[in-house]
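Dear colleague,

Please find the structure below, handed over for your files. My findings follow directly after it.

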Amino acid sequence: MYKCNNCGKTGDTPDRPYDTDGSRYAECAYCGSENIIGSRYVCGVCGKPLFDGESAYEAGELLFCGDCLTEVLV
């Protein structure tokens, strides 16, 4: 997964690989920006990609997105 820092859209793979093995991509499939980042982590519950600079929650060795957590008063 990747996220465009220009338009904010995410996708599976951006357009036009820029290296010979096709593992890295040069531009966003939506707006054409070259300002894209890949996901290095995923939520431990739903598998949603977590990108650098986003808020996530850590418990033990797992990371969780904000959608998978509920705050309760006990």
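The protein has nine strands and zero helices, where both element types are DSSP runs numbered from the N terminus (helices being H or I of at least four residues, strands E of at least two). From the N terminus on, the order of elements is therefore β-β-β-β-β-β-β-β-β. The model is a predicted one: local features need pLDDT of at least 70 and side-chain atom pairs count only at pLDDT 80 or more, whereas totals for chains, interfaces and linings use all residues. Residues are numbered from 1 along each chain as its sequence is written, and side-chain values use heavy atoms, with hydrogens and water left out.

Of the 74 residues in the protein, 20% are buried (buried means under 20% relative accessible area, exposed over 50%, and partly exposed in between, with a 1.4 Å probe and protein chains only). The protein exposes about 5,500 Å², of which carbon and sulfur atoms supply 46%; accessible areas come from the Shrake-Rupley method with a 1.4 Å probe, and for residues only the protein chains shown count as cover. Among contacts (heavy atoms within 4.5 Å) between residues at least 6 apart in sequence, 28% join residues at least 24 apart.

A salt bridge is here a side-chain nitrogen of Lys or Arg within 4 Å of a carboxyl oxygen of Asp or Glu, and the count by this rule comes to three.

The side chains of K3 and E54 form one of them, at 3.2 Å from N to O. K3 lies in strand β1 (residues 2–4) and E54 in the loop between β7 (49–50) and β8, so this pair ties together parts 51 residues apart in sequence. K3 is partly exposed at 21% relative accessibility, and E54 is partly exposed at 33%.

R40 and D52 meet through their side chains in a salt bridge of 3.3 Å, N to O. R40 is in the loop between β5 (36–38) and β6 (41–42), while D52, twelve residues away, is in the loop between β7 and β8. R40 counts as exposed at 58% relative accessibility; D52, at 47%, counts as partly exposed.

In the salt bridge of D67 with K48, the closest N and O atoms are 3.6 Å apart. D67 belongs to the segment after β9 (62–64) and K48 to the loop between β6 and β7, so the pair joins parts 19 residues apart in sequence. D67 is exposed at 65% relative accessibility, and K48 is partly exposed at 38%.

Finally, E58 is found in strand β8 (residues 57–59) and counts as exposed, at 63% relative accessibility.

With kind regards
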